[in-house]
Amino acid sequence: MIRLGLRLAARQWGRFLFFSSCLAMGAGFLISVSHLLVAVDRAVAVRARELLAGDVEVRSARPFTAKERAAFAAALGPGRRSAEHTTFSSMLGVRDDAVLVSVKAVDAVYPLRGALVTEPPGGVALLAGGGKALIERSLALQRGLKAGDRVKLGGRLFAVAGVIASEPDRGFAAFAFAPRLMIANADLPGAQLLGLGARVRRAWTLALADAEDPARAARAAKAALEAALPEPHIGVASYMDGEEGVRDGLRRATLFFTLLALSALLLGAAGLRAGLTLFLDAQADTMGLLRCLGASTAEVERLFGGLCLGAGLLGGAAGGVAGWAVAAFAGSFAPRLGVQLAVPPDPVSFLEGLVLAAALSWGLSAARVRALASRAPLDALRAPPAPPARLVAAGWTAALLVLCAAAWRRAGSGEEAVKLVLALAGGALAVELLSRVGLRLAGWALRRASALPMPARHGLRRLVRRPGPSRVMLFTLAGGFALLGAVGTAREGLARTLTAANAPDAPDLFLVDVQPSQLERAKALTAARAAGEADFSPLVRARLLAIDGVRVRRDRTERAGAEARERGRLRAREYNLTYAAALKPSERVVAGTFWEPGETAALASVEKGFLERAGLRLGARLTFDVSGRELEAVVSSVREVEWASMRPNFFVTLTPPLLSAAPQTYIASFRARSPEDAAALRAELSASLPNVSVIDADGFMTRMQEVLGLLLAATGALALFCVGVGALVTAGLVLWLPFA
């Protein structure tokens, strides 16, 4: 029977290649997404430990007490290390000027993870001996500082010991609002800057032993510290909580590609089912002959069931190899983005591809094989019987279960898995209904087709007479073009963003910390050096206290889905608010109505994406804490913002009367006429407005343009792939349909 099966497969090698290709394309796409997801998770995990400069961090706005230090001591174990650092903003005296800096006071063991790269080399060791400071490169360039120069922080003078080239826990951001100044913890009391009213963040960081499992040990250490330190002003985070926005953003992108991959796999499965059905019906005579020659029902069923299963496994194996190759090729572009992305073969993904292929090929063919194999030998020339209803249900259930399992594995939470499956099922149902409607319309046209040319009538007649294969062809073509439309929508959005980022007037310089009394002088200086008018916007720091009267709290449960975690994070974060009498050129209202100039009511306008992710709504009442004063505003409009324009854009904008008297600074963005004008402006601002920081965003813009360009190319390839799946299935069915 095995030799007979191999001979049958060899005689029908073209069909088996078609069956396998249908499944291989969908499975390969899905497995490539799996490989990339595993590689990205590993890269983010490594980077997250560096971003925290450790594995677990305890944060507080108050000095650590004896009880808290006892909890720290209890968390230490063999091979574990700890460090402390303090961060705050302050004015730094540079010669006769002052500039805003972000101060970090560190231990001699900083950082526990990652590396502090300095010029000259040495890192924190350059601070040994006391009275020394490390400064960020932008501060050195802006103020002309070099090693040995003296600066004044609070009540103490510091000697510049070196320049910070790279700081591990500064985050993924390409720039910050204030340059870094790093000193030793022992020098902090002498600066006399931690008095009443100072906004200080203290942190104790734990690094796990090398022999410990990072994820498991970090979760355990975090849980133990949270239990020992339940005070509300204490925050405990592990490296897995770090850069949650980056992780969740990657997860959303992965879900989009997973949905496309599952859709492509569904189209391939539809082609596989139709092809196997045609193949089995064509082999009905062979089955009857084998029965006449003495083969039992079970033997015939095993023979042809094995052929169908073999075709599926061949497709799964081919898809696994192709998926890994595609993922490795995509990973080769990661160094261009400053990320090292290793994509080794993932056995779990290969095994998943084989399980998917086996379940789909068996589930979609078992009932047909059973119906044909169980016929009496003398019934071979009669019409094939209906497949057993129970076996049909079992086969479809197996196929659907493995698809749901694949969706759940990539979704990361039950909530997202349900949404993914519902989106897939809804799309498949819609395409199936459209296919059936299209077939009925073809039948209606055939009955009234006397005036149509003969080829058109013949084509319609072939479609109507074979409704099963015809529905599959319509389903795969319609599904392919539906996927093409989805990818086209995403591609159009990326193209708009890339166009905005590449605009000739896109800003490359930012001004930060312009005081209200300095606004006119800053405008005059930028007007002389900018290619166009600089965009100045007021910035007011605030916290969201309540939504519709309900106090805001961050959900700290680790089992919450990505959306719930992001909603809690966005609501509990510190906000940069602004006020304006009119919309900016980079904004447009998509819901509600933006206020007219002179409006005195307490109204708010919220950015669309932020509104959705934070779980807000049009008409919601938002209560903010602005410097100890509570302000309430009603969301009257929803804005869509072109973030790639690099203008001073904000999530929340309020009416001017609400914030015009609040403590505020101004930020601005503009494009310098030339690099020489940018350098001259830095010197002029240093002389007349020494507290204002100038941030060069040109490097960030270049990186963003490269990322968008790669994504645009990837979506273009996906568009061709989606149509290719449908075209492959249609071509195969058209090729073999006449022989069925």
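The largest nonpolar core has 46 residues, and Phe19, Leu262, Leu265, Leu280 and Phe304 have the most contacts inside it. The model is predicted: local features need pLDDT of at least 70, side-chain atom pairs count only at pLDDT 80 or more, and totals for chains, interfaces and linings use all residues. Residues are numbered from 1 along each chain as its sequence is written, and side-chain values use heavy atoms, with hydrogens and water left out.

**Nonpolar cores**

- A nonpolar core is a set of buried Ala, Val, Leu, Ile, Met, Phe, Trp, Tyr and Cys residues joined through side-chain atoms within 4.5 Å.
- Buried means under 20% relative accessible area, exposed over 50%, and partly exposed in between (1.4 Å probe, protein chains only).
- Another core lies apart from it, with 45 residues, among them Phe536, Val540, Phe610 and Ala633.
- Leu262 touches Leu30, Leu403, Ala406, Ala407, Leu420 and Leu424, leaving aside residues up to four places away in sequence.
- Contact here means heavy atoms within 4.5 Å.

**Aromatic pairs**

- Rings of Phe, Tyr and Trp (its six-membered ring) pair if their centres lie within 6.5 Å; planes under 30 degrees apart count as stacked, over 60 as edge-to-face and the rest as tilted.
- The count by this rule is 4 aromatic pairs.
- Phe64 and Phe72 are edge-to-face, because their ring centres are 5.0 Å apart and their planes stand at 85°.
- Phe64 is buried at 11% relative accessibility, and Phe72 is buried at 3%.
- Phe72 and Trp204 are stacked, at 4.3 Å centre to centre with 5° between the planes.
- Phe72 lies in helix H3 (residues 66-75) and Trp204 in strand S9 (residues 200-207), so this pair ties together parts 132 residues apart in sequence.
- Phe64, Phe72 and Trp204 are linked into a cluster by ring pairs.

**Charge over a ring**

- Arg156 lies over the face of Phe158, 5.6 Å from the ring centre.
- The rule asks for NZ of Lys or CZ of Arg within 6 Å of the ring centre and within 35 degrees of the ring normal.

**Whole chain**

- The protein chain has 21 helices and 21 strands; these are DSSP runs (helices H or I, at least four residues; strands E, at least two), numbered from the N terminus.
- Of its 740 residues, 47% are buried.
- Among contacts between residues at least 6 apart in sequence, 81% join residues at least 24 apart.
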